[in-house]
Every structure is written in C-alpha cells, then in structure tokens.
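Reader: I would like to learn how to read a fold from its coordinates. Please take me through it.

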Amino acid sequence: MLPSGWQFEAPADVPLLLAAQAAGIKLPSLCRNGTCRACLCRVQSAGDPAPASVAYRIEWPGLSRDEKAEGWLLPCCSYARADLTIDAPDAALC
C-alpha cells in the first residue's frame, strides 16, 4: 500500500476495505457500498492488468468504465484477484 509500504492479506471473499481493517489499517469510508467514493484508491501495480486484478460484487459501483480501466478502485466493495499495490494516501493505522 502506498505511500506507507503497509501490507495486508485480502481473502478472495472479503472486500479490500474490511481486509485492511482486520490488519489494523483504516481506509477512509462512509457508505461501504460504492456510491460515496470516499474510499477511492488507485492500483499502482498488480500481477494482472488493474481491471482484471479486482472484482466487484456489483458490475459498476460508483466508477465509470474509464476509471476502472485506469486502475481506480473502491476498496469498500472490491475484492483482490491478484497481488495489488494501491495508492491510499489517507490510510492510517488503527
């Protein structure tokens, strides 16, 4: 996770936001369903192209197709499908 270098495990069935919280990392969030965009982050590197390395429980939660193609993600409702490095400048340790 950028800029901190913190790492956490994200099981395939747990949203990135909750996986981070379980590891003691707080990401900004409000709605937890992809509509408010408070948790918006960007994938900086991934094992696969950014859109393929993240899955969503709903098809287009709060992101345009272009934003998803550019690597933007909403950790509250996204699931890791590969190793990711995300830029989350407002993350903090809980």
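Reader: What share of the contacts with a separation of 6 or more comes from residues 24 or more positions apart?
Author: A contact means heavy atoms within 4.5 Å. In this chain, residues 24 or more positions apart supply 67% of the contacts with a separation of 6 or more.

Reader: How should I treat the model itself?
Author: This is a predicted model: local features need pLDDT of at least 70, side-chain atom pairs count only at pLDDT 80 or more, and totals for chains, interfaces and linings use all residues. Residues are numbered from 1 along each chain as its sequence is written, and side-chain values use heavy atoms, leaving out hydrogens and water.

Reader: Which elements does the chain have, and in what order?
Author: Helices (H or I, at least four residues) and strands (E, at least two) are DSSP runs, numbered from the N terminus. The chain has two helices and seven strands. Their order from the N terminus is α-β-β-β-α-β-β-β-β.

Reader: How many disulfides does the structure hold?
Author: A disulfide is a covalent bond between the sulfur atoms of two cysteines. The cut-off here is a pair of cysteine sulfur atoms within 2.5 Å. The structure holds zero. For C36, the closest cysteine sulfur is in C31, at 3.5 Å, so it is too far for a bond. C77 is in no disulfide either; the nearest cysteine sulfur, that of C76, is 3.9 Å away.

Reader: Is C77 buried or exposed?
Author: Buried means under 20% relative accessible area, exposed over 50%, partly exposed in between (1.4 Å probe, protein chains only). C77 has 0% relative accessibility and counts as buried. C36, at 33%, is partly exposed. Of the 94 residues of the chain, 35% count as buried.
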